[in-house]
Amino acid sequence: MSRLLTVLEQAYEAFNARDLARLRPLVHPQATWPNTLEDGSLLVGKEAVMGHFGRMFATMTPNIHVIEVIDETTDALTVDAQYAVESRAGQVWSDTRARLTYHFRDGLLAGMTILSGF
């Protein structure tokens with residue numbers, strides 16, 4: 001297993017457990033992330049990204065699982081992932097497959113690009 005995939009899997013485990021304390025050290029200080037809750041704008045910086053995840057966890061229960069690694073470079077992984085999202089009460093809001101590229105810097109998650117499925 002590659003170093004990037006190990007970091008991504010650790011991030012998914014923390015994300016699925018809604019554990020911001022475990023997720024925080026895996027995110028680069030200058031990370032950029034799409035604002036998937038509101039307007040799709042780009043969030044800049046670790047605190048903005050962590051705040052986004054915190055707001056997400058307060059309103060829904062997302063679960064993400066890597067199905068397949070499509071491409072790997074020295075600083076990115078493109079994956080097919082299964083996204084299941086439920087309300088906090090357990091109602092299924094969506095269950096879909098997405099193709100995403102995760103970007104890394106200094107061995108940490110530095111960004112995500114949505115290619116399809118969101």
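This is a predicted model: local features need pLDDT of at least 70, side-chain atom pairs count only at pLDDT 80 or more; totals for chains, interfaces and linings use all residues.

Q: How many salt bridges does a search of the whole structure find?
A: The search finds four. Three of them are taken up here, starting with arginine 99.

Q: Which side chain meets arginine 99 in a salt bridge?
A: Aspartate 80 does, at 2.8 Å from N to O. Arginine 99 sits in strand 5 and aspartate 80 in strand 4 (residues 76-87). The two are 19 residues apart, so the pair links distant parts of the chain.

Q: Is aspartate 80 buried or exposed?
A: A residue is buried when its relative accessible area is under 20%. Aspartate 80 has 8% relative accessibility, so aspartate 80 counts as buried.

Q: Where do arginine 55 and glutamate 38 lie?
A: Start with the contact. Their side chains form a salt bridge, 3.8 Å from N to O. Arginine 55 belongs to helix 3 (residues 46-59), while glutamate 38 is in the loop between strand 1 (27-34) and strand 2 (42-44). The pair therefore ties together parts that are 17 residues apart in sequence. Arginine 55 is partly exposed at 38% relative accessibility.

Q: Which residue forms a salt bridge with arginine 22?
A: Aspartate 19 does. The closest N and O atoms are 3.7 Å apart. A salt bridge needs the two within 4 Å, so this pair counts. Arginine 22 has 41% relative accessibility and is partly exposed. Aspartate 19 is partly exposed too, with a relative accessible area of 23%.

Q: Now the backbone. What is the phi of arginine 18?
A: Phi of arginine 18 is near 55°. That is a positive value in a residue other than glycine. Arginine 18 is in the loop between helix 1 (3-16) and helix 2 (20-23). At 28% relative accessibility, arginine 18 is partly exposed.

Q: Where does aspartate 106 lie, and what is its phi?
A: Aspartate 106 is in the loop between strand 5 (92-105) and strand 6 (108-116). Its phi is near 55°, a positive value in a residue other than glycine.

Q: Is aspartate 106 buried or exposed?
A: The cut-off for exposed is over 50% relative accessible area. Aspartate 106 has 67%, so aspartate 106 is exposed.

Note on methods
Residues are numbered from 1 along each chain as its sequence is written. Side-chain values use heavy atoms; hydrogens and water are left out. Helices (H or I, at least four residues) and strands (E, at least two) are DSSP runs, numbered from the N terminus. Buried means under 20% relative accessible area, exposed over 50%, partly exposed in between (1.4 Å probe, protein chains only).
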